[in-house]
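I opened my notebook for this model. My notes start with the pocket and then turn to a strand.

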Amino acid sequence: MWRSEAFIMGKSRAVRSLYHDAIIQTWEETMKKQFTGSLSAIALAVTGVLTAPMAQAQDYSRFGIDSDLPGTCNFAATDAKDYSGRTLNIITHAIPVIGEPTALHAEQFAELTGAEVNVVHVPFGDLFQRIMIPFQSGQNAYDVLFYGSLWIGDFNRFLAPVPDAFLNSSGMSDVTDSFKGVATWNGQMIQYPMDGDRHYLKYRTDAFENAELQARFKDATGRDLAVPETWEEYNEVAAFFSGFDWDGDGEVNYGSAEVAKRDDLMFSAFISRAAPYAKHPDVTGGFFFDLETMEPLINTPGFVRGLELFVDAQKSFPPGGTNFGLGDEIFSFGGGQTLMSYSWDDAFIQAQQEDSRIRDMVGAAPLPGAREVWNRDSGQWDNFDEPSLAPYMTWGWSSAVSDMSEEKEMAFDYLCFFSNEANTFHDLQIGRFGVNPYRDSHFDSGFWQGLGWDASVADSYVKTLSEMELSENRVYDLRIPGVGQFMSSMANGVAEALAGQKSAQDALDDVAKEWAGIVDRIGEDRLRDAYANVVRLEDNEG
């Protein structure tokens, strides 16, 4: 039995049936596309790993698949389990992002195992407290949790370690090292990887390859039009492409869509812009703080340079762009309004939907870098002949099992089923689901080409994402207790600079003072112990 509070509670049986039909139809349509494409990625996922045997007689077509896929927690393996008379309680984000695949796979899991599965959907603004309050009061409210991975600093002491049986599963063996690291705390995996998030550049290839636009750009700037390699170049290109109909659709186009709304993930956009100026490849020991002293670094020259360029970029935003949230950025770039954007995968996947007018007219590239990087050890700017890159492995969705759960085995079985090979390849194809590549097998261009993507688009996508995994100068989120307070303070300061109320330096000086106060309230030693987990990832220490 499957129940979903917040979405279907109070709705009629007909509405529940319509929702069931809609998600199953989505499943059927996308899985049919999947099996007509390349299966090389699936083969990679299970090579050398003991997987559940495939029973030819079993028919799972009622789930919209032609056949089951090999894997530890595939449909056949899950079907063999009997959880009749037992209940699994899940809390997740609101539909559709993460909430929709949670509901879909909960319904499948319930039908396969006989379990009663209750799913609670919560808006993002309330999700942290809806999970944290039961933890703090000792209530065993939920078995399975879906939430933002950067909250691990607050949640870690309440989460159950992932058992060895799941650490050695086919799906887990394929997870990239960086996202295993995101799921790990003090050397132990306590989050269950089911999503991979990073920021990267998206751009319109049809504009960059247009000979007339190339000539006009060179006349205006004196240099050849090219995909930006630094944020200064990004701003220059974006400014040139703002305010005229350069793609001939009868609508005015603009240069850049960015998440600039204070309360809607703008802090992540700022980190992307500041990272290459503030993250020196030869300096270790902290990006947001000096790990030894826990002194905030947010107002150092690298961060200030990033904010100054963020402020300058506003002239290339579409109307209302200074108040764009993530959804606005997705549809501005994905709908063809803007030349470039950077954030999570969603805008790129939106542009590549079958009904998109700009399908196969987009490309992916690394986030722009910097030719000058602040060296906090020497107290000066260092110059680089080639732009220094600082890939941002931004926060994304994660999952976990509560340490108070009395149904840990079933809970981990559900998460393993949620992320099995067939389910993951399906979920990657639905932009609104919010599941992005996090396994090595997801970086197979042939898989994406099998979905109808042009080879050049697929190649640029997987090359950009996979090369981020190899970088030794990556930036991760501030995954420490009280992260919400730190990010809110940062967002407020950045917003003041964007609005022209303060200079970049003054705004970040005030943020640094607030951060120092938060450190004093929470405790320097507690925060240092937590921040060391982030620094180990950034300094490539495992």
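Which helices each supply at least two residues of the lining of the largest pocket? I found helix 5 (124-137), helix 15 (326-334), helix 16 (346-351) and helix 21 (483-498). Helices (H or I, at least four residues) and strands (E, at least two) are DSSP runs, numbered from the N terminus. Helix 21 gives the largest share, 7 residues.

The model is predicted: local features need pLDDT of at least 70, side-chain atom pairs count only at pLDDT 80 or more, and totals for chains, interfaces and linings use all residues. Residues are numbered from 1 along each chain as its sequence is written, and side-chain values use heavy atoms, without hydrogens and water.

I looked up the volume: the largest pocket holds about 990 Å³ of space. Its lining has 39 residues, and Phe124, Asp263, Asp264, Leu265 and Trp395 are the closest to its centre. A pocket is an open set of points on a 1 Å grid over the protein atoms alone, where a 1.4 Å probe fits, with protein on both sides within 12 Å along at least five of seven lines; lining residues have an atom within 4 Å of a point. The volume is the space filled by probe spheres set on the points, which are joined across faces, edges and corners.

Next I turned to strand 14 (residues 397-401). I found 5 of its 5 residues buried (under 20% relative accessible area, 1.4 Å probe, protein chains only). Trp397, Ser399 and Val401 point one way, Ser398 and Ala400 the other. Strand 4 (residues 144-148) pairs with strand 14 in the antiparallel sense over 5 bridges; pairing takes at least two DSSP bridges. Leucine 145 has alanine 400 as its bridge partner in strand 14.

Terms used
Buried means under 20% relative accessible area, exposed over 50%, partly exposed in between (1.4 Å probe, protein chains only).
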